[in-house]
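Biologist: Please show me the model, and then we can go through a few questions on it.

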Amino acid sequence: MRNTKNKMMKKIDRAVEGNRNHLHSNILQIPVETGLIGFAVYLAWMVLALRDAIRFMRRTRAGPLVEATPAVALLLALVALLANGLVEYNFSDAEIVLIYGLVMGAAAAGCLHLTAPSGTSTARSASPSAGT
């Protein structure tokens, strides 16, 4: 697969080194690997993640600092990951992908938790007596 990526990159620019297996930018590498549809999915994924992080931060701003701090930290972590992705293809590192998943999941969960009406749970009931 390494050779295939290099051939694809050489179609774009013949000056690509022979041992280069990725471009140093998510914005460049993802369309090369997945095409325009994959790139559109990537952009939608990142926009939705940012939206969740911003909503989580906005909804915790009015509360005590101890509630707002995790939301601000998640937003800043996501912005840092996206900024790093401008100059490095960071989806090739399993550790970075894990951090993306944790940050995006926590932001989405925080956003969902704060939008649920008070006194209700967003999780489905898993009790065995639910069907009887």
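Modeller: A term to begin with: buried means under 20% relative accessible area, exposed over 50%, and partly exposed in between (1.4 Å probe, protein chains only). This is a predicted model, in which local features need pLDDT of at least 70 and side-chain atom pairs count only at pLDDT 80 or more, while totals for chains, interfaces and linings use all residues. Residues are numbered from 1 along each chain as its sequence is written, and side-chain values use heavy atoms, with hydrogens and water left out.

Biologist: Which residue forms a salt bridge with Asp52?

Modeller: A salt bridge here is a side-chain nitrogen of Lys or Arg within 4 Å of a carboxyl oxygen of Asp or Glu. The structure holds 1 salt bridge. The closest N and O atoms are 3.1 Å apart, and the partner of Asp52 is Arg51.

Biologist: Is Phe39 buried or exposed?

Modeller: Phe39 is found in helix H2, helices being DSSP runs (H or I, at least four residues) numbered from the N terminus. Leaving aside neighbours within four places in sequence, Phe39 is in contact (heavy atoms within 4.5 Å) with Ile27, Ile30, Pro31 and Thr34. Its relative accessibility is 17%, so Phe39 counts as buried.

Biologist: At what angle do H2 and H3 pack?

Modeller: Axes are lines fitted to C-alpha atoms, for helices over the stretch in contact, and angles run from 0 to 180 degrees between N-to-C directions. Helix H2 covers residues 26-60 and helix H3 residues 65-87; their axes are 9 Å apart, and the angle is about 160°.

Terms used: Helices (H or I, at least four residues) and strands (E, at least two) are DSSP runs, numbered from the N terminus.
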